Every structure is written in structure tokens, then in C-alpha cells.
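Could you have a look at this structure with me?

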Amino acid sequence: MEVWRSPLQAIVAALPEADDAFAPRVQVGRAPAGTFSLAELAAGEHLDELLAAEMQSVSGADHKLAAAYLIGRLSWSLSSVLAGLALQGAWAIELTASGITPLSRQVAWEEDGQSGVSNVADFVLDPDLLRFSDADQPGCDRLFQSAFEALLAPIVDSLHRRSHLPRSALWRLVGDGLAAAFLAQGKALGCADRAMSLALGMLRRKGTPLYSKQTGFIQITVPERPQLAEWFRARGGCCRYYTSDGGEYCSTCVLRDEDSRNQRLVDYLRRTHAEQAA
């Protein structure tokens with residue numbers, strides 16, 4: 001299996017164009033002045049200010065919620081980029097933290113009568129510090145998983161020390177982000193079944209930080225309209241939103257019972273398709 005460093009620009013440009021404002025944006029090249037890499041973040045620099053920003057964004061948030069939100073945001077955004085590349089045959093097999101720089105962006109949202117501003121993580125990738133396989137070969141997913149876990153392990157450790165949220169809880173959130181990213185990119189690229197199979201292969205690999213028995217995928221069908229069916233990611237972790245002021249369990253939260261979760265997803269499909277038909 002050959003390995004190449006560049007050009008990353010071409011494969012990043014081939015990623016499906018997202019119409020979601022929350023989807024991460026990617027730049028290839030050197031990071032702008034005044035930004036910091038994942039290596040600097042893992043070393044503790046800037047971590048406190050990012051945790052403080054997360055706490056300010058949710059009323060009543062504590063350090064555990066902030067850590068959960070931050071690792072969930074970083075892992076999902078980064079996974080979205082890497083999953084899109086992997087599903088097109090460019091598997092990341094070496095990820096140097098100093099070669100990945102997150103950029104913070106804020107997106108306003110409004111839903112069900114509520115509104116707010118959420119933080120979004122974009123990324124700058126340095127092509128000289130990242131290595132990808134040039135073919136979709138057996139074993140690429142294992143190399144990818146090892147590189148991905150090695151990249152995020154120092155950040156998980158730093159967040160654990162600051163928030164006292166267990167490492168296992170943080171890793172489950174990382175796995176949730178990875179699963180959601182592979183599913184979303186798989187749908188966009190027309191290979192959702194393959195994407196879910198690849199993600200599950202990593203999440204069910206015992207003895208690894210990403211191992212999870214609960215993170216997975218469920219297909220939801222609207223009873224009165226069986227043609228309306230969609231795959232969703234089922235969480236194995238909890239973002240702790242329920243601990244905030246007025247918070248509750250998220251629709252796919254691991255703490256929500258299965259019947260309640262499925263009903264909320266059925267209602268979501270009904271609402272979404274009604275809005276599209278209007």
C-alpha cells in the first residue's frame with residue numbers, strides 16, 4: 001500500500017458540498033496566524049477558554065457538560081472531514097496533531113420556537129504533516145482507527161483532568177461523532193450501508209478506546225407511510241444536556257428508553273417531510 005502526502009486539495013475539493021451551516025469547512029495549507037493546532041490544544045493551551053465558551057453557550061452548564069460538548073463537537077467535525085475522504089479511498093493513516101488546526105465559527109439557529117448560537121469547528125489541514133493511503137484496501141480502517149485514536153487521546157486526557165468526566169464517557173462521545181459522520185457522508189456519497197458497516201467495524205473492535213456496545217444505527221419508518229424510512233445514529237454516550245437549565249435527554253441519547261427515542265424520530269420524519277411538502 002503506497003502512501004502519499006499531497007495533493008490534499010484535490011480530494012478535499014471532491015468532498016460532497018454540504019448545505020448544512022453546521023457542517024465543517026476545510027482548508028488545506030498553513031494555518032492562519034493567531035490560531036492553534038490540536039497539539040497545542042492537547043497540551044492545555046487554550047483548552048480552558050474553549051471550555052468557558054461552551055459553558056457560556058448553555059445556561060447552567062458545568063465543566064462536565066462543557067467537556068462533553070467540546071469533545072463531541074471536535075470529534076464529529078473532524079470525523080466528518082476524514083470520513084468523507086475515507087469513503088472516497090483516501091484513508092488517513094497518520095494524523096499529526098500539529099498539522100490539524102481547528103477554527104471556531106458561530107452559527108445562529110432557530111427551531112421549534114427556540115433560537116440560539118452554536119459553536120462550529122472548521123479545520124485547516126497541513127498536507128506536509130498528514131499521511132493518507134492512496135487506495136481503499138483491506139486494513140485501511142484499522143490504520144485509520146489507530147491514527148484517529150492516537151490523535152484524540154491527549155485531548156481526551158486533558159478534558160478528563162479538567163472536568164473529571166470519565167475517559168470512557170469522553171471516548172463514547174468520540175465514537176458517537178465518528179458514527180454520525182460516517183453515516184452523514186455515506187448518505188451524501190450514496191454508500192450509506194458501506195459507511196455504517198465501516199463505522200461499526202471500528203466501534204465493535206474490542207480492546208480499543210472507541211469500542212462501544214451501544215453506539216450504532218437504527219432504521220426508523222413512519223407507520224402510516226412505510227416509504228418514509230431513514231437511518232439514524234444511535235448514541236452510546238451522553239452530552240449531559242439534561243443537566244443544564246431546562247435541559248432534557250436528547251432524542252437519541254443513550255439514557256432515553258428505546259420506545260421514546262423511536263417515537264421522537266418518527267415525529268421528526270413526519271415533521272421534516274411535512275415541511276418539505278409545504
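The points below go through the salt bridges and then the strand pairing.

1. Before you start: this is a predicted model, in which local features need pLDDT of at least 70 and side-chain atom pairs count only at pLDDT 80 or more, while totals for chains, interfaces and linings use all residues. Residues are numbered from 1 along each chain as its sequence is written, and side-chain values use heavy atoms, with hydrogens and water left out.

2. How many salt bridges are found in the whole structure? The search gives 14, where a salt bridge is a side-chain nitrogen of Lys or Arg within 4 Å of a carboxyl oxygen of Asp or Glu.

3. Start with Asp126 and Arg30, whose closest N and O atoms are 3.0 Å apart in a salt bridge. This pair links distant parts of the chain, 96 residues apart: Asp126 is in the loop between strand S5 (114-125) and strand S6 (130-133), and Arg30 is in the loop between strand S2 (26-28) and helix H2 (38-42). Helices (H or I, at least four residues) and strands (E, at least two) are DSSP runs, numbered from the N terminus.

4. Are the two partners buried or exposed? Asp126 is buried, at 12% relative accessible area, whereas Arg30 is exposed, at 57%. The cut-offs are under 20% for buried, over 50% for exposed and in between for partly exposed (1.4 Å probe, protein chains only). Arg30 and Asp126 also belong to a network of salt bridges together with Asp128.

5. Next, look for the salt bridge between the side chains of Asp176 and Arg235, at 4.0 Å from N to O. Asp176 lies in helix H6 (residues 167-189) and Arg235 in the loop between strand S8 (225-234) and helix H8 (258-277), so the pair ties together parts that are 59 residues apart in sequence. Asp176 is buried, with a relative accessibility of 1%.

6. Arg270 and Asp267 form another salt bridge, with 3.2 Å between the closest N and O atoms. Both are in helix H8, and because they are three residues apart there, about one helical turn separates them. Arg270 is partly exposed at 31%, and Asp267 is partly exposed at 32%.

7. Finally, find strand S7 (residues 216-222), which runs antiparallel to S8 and is joined to it by seven bridges. Two strands pair if DSSP finds at least two bridges between them. Phe217 has Arg233 in S8 as its bridge partner, and a hairpin connects S7 to S8 through two residues.
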